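Subject: Structure for you to look at

Hello,

Here is the structure I said I would pass on. My notes on what turned up in it follow below.

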Amino acid sequence: MHRSQTVRRRRVFYIPGYDPIHPRRYRELYRTEGTAQAAISGYALSLAPKRAGGPYGWHVTSTQDGETVEADVEVLVWADIVRDSMEASIPATYLQLVRTASAYIGSGALFRLMRLRKGPVIAALYPIFALILQALAGLGAGWALAALLLWPLPDFPFDGGLGLALCAGVTWAVLRWFRKQDGTFYAYYLMHDYAFTARWGGANPEALETRMAAFGDTIAQALSEDWDEVLVVGHSSGAHLAVSILADLIRAGRVPATGPSLGFLSLGHVVPMVSFLPEAKRLRGDLAYLCTRPELAWVDVTAPGDGCAFALCDPVKVSGVGPVGQIQPLILSAAFTMTLSPKRWKELRWRFFRLHFQYLCAFDRPGVYDYFRVTAGPQTLKARFAATPPSKSVIEIPANRFTSTG
């Protein structure tokens, strides 16, 4: 049997989503937001250099409810794979646009996804329309400049190919400018994100499978050590990576019955964007398997205010693979409109990417979910939410056309 549900020593593994940024960003986010949440909620929390694990992480000491907890947090990094996938040239990105649109529209996945939540579907369509508009803006600027400079040459503006060359040059310059400003527009970033999934029809590329296997080895090692809890946190795209990693560990018998309590916290998941594609057989099989396993506690947290996530969608059932014996996950809402004050909600409401990270941040009106109590508090994930009912309005529609798992 697992150990006590009281935690003194915890090992946390954080799996980011599709993010090219250096993992130290997550340490700084945890430090600033954890300090803010501790001040709001009346507990103590401090960070120090890591004591255990890989190259990217930190150590947390927190006193909550009269108990002091030590936690080692490690970021399981795949940002290098993300960066490699984002190196496509401008023409290659437009080719990705065509392929990605074909994958989601041609398979019918896009229309079925709209039955669940329109927000993430709009987020998926945004880079397509944004890139098309950027191309049209470039062409329009090129044509207008050619008109201004070459009028009244005969056969304006394409006399002797001069107008065509000028138009093409200006168009290219405009497209390059838009790409340099993508930190504002996010069109290229999102296009690369969805293209990464769509390119293999929902299957994982070999490089990612190799990295996931390494992540599994790291987690398995922690499960053999003297921790009270091993907690895996999967955020955004990292949630479906965690599903497969944990399913592999349990199948292989690498979760010892007498080892640490195993918890899985999935945050802001986008599982249907993958599982609704025809070749996502591995993910669908892993979802169907993991949801029946008593070896872990799985809590899924989303919020309707997060337009980038499939809020309150049971990732197993909506994928069409919910078996009769399903016992996981517990679906909870972070309820941003209730857990953030009206002032704070007004500040964040239209900052869509910031809201997608709110699960990792402080709430000025905290409810049942508090990231820093989960990751640094004295209760295991299972114990903390043992008496918590699932949120109302959970979406369980089996909307997926593709349900094969092998």
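Rings of Phe, Tyr and Trp, with the six-membered ring used for Trp, count as a pair if their centres lie within 6.5 Å. On that basis, ring pairs join Y18, W78, Y186, Y189, F196, W200 and F353 into a cluster. Please keep in mind that this is a predicted model.

Aromatic contacts

The count of aromatic pairs comes to 21. One of them is W177 with F178: the ring centres are 5.2 Å apart and the planes stand at 70 degrees, and since planes over 60 degrees apart count as edge-to-face, that is the class of this pair. F178 also forms an aromatic pair with F185, again edge-to-face, with 5.5 Å centre to centre and 65 degrees between the planes. F178 has a relative accessibility of 13% and counts as buried, because the limit for buried is under 20%. F185, at 28% relative accessibility, counts as partly exposed.

Two arginines lie over rings. The charged end of R9 sits over the ring of W227, at 4.2 Å from the ring centre. R251 is placed over the face of Y289, with 4.6 Å to the ring centre.

Nonpolar cores

The largest nonpolar core has 64 residues, and the members that touch the most others are W78, I219, F264 and L290. Helix 10 (residues 237-251) supplies the largest share of this core, with eight residues. Another core lies apart from it and has 43 residues, including A79, L265, L267 and L360.

In what order do the eight strands of the open sheet run? The order is 2-3-4-1-5-6-7-8, and the pairing is mixed. Strand 2 and strand 8 (330-333) are the edge strands, each pairing on one side only. Direction ignored, neighbouring strands are turned against each other by 20 degrees on average.

Q64 stands opposite E67 of strand 4. Strand 3 and strand 4 form a hairpin with two residues between the strands, where D65 takes a positive phi near 55 degrees.

Why is strand 3 (residues 57-64) described as largely enclosed by the rest of the structure? Six of its eight residues are buried, so the description follows from that count.

The parallel part of the pairing includes strand 1 (residues 9-15) and strand 5 (residues 229-235), which pair in the parallel sense over six bridges. In this pair F13 stands opposite V232 of strand 5. Helix 1 (residues 24-41) packs on the sheet and touches strand 1, strand 2, strand 3 and strand 4. The direction of helix 1 makes about 160 degrees with that of strand 2.

Regards

Conventions:
Residues numbered from 1 in each chain as written. Predicted model: local features only at pLDDT ≥ 70, side-chain atom pairs only at ≥ 80, totals over all residues. Heavy atoms only, no water. Core = buried A, V, L, I, M, F, W, Y, C linked by side-chain atoms within 4.5 Å. Buried < 20%, exposed > 50% of the residue type's maximum accessible area, 1.4 Å probe, protein only. Helix = DSSP H or I, 4+ residues; strand = E, 2+ residues; numbered from the N terminus. Phe/Tyr/Trp six-rings, centres within 6.5 Å; stacked < 30°, edge-to-face > 60°. Lys NZ or Arg CZ within 6 Å of the ring centre and 35° of its normal. Pairing = 2+ DSSP bridges. Axes fitted to C-alpha atoms, helices over the stretch in contact; angles between N-to-C directions. Contact = heavy atoms within 4.5 Å.
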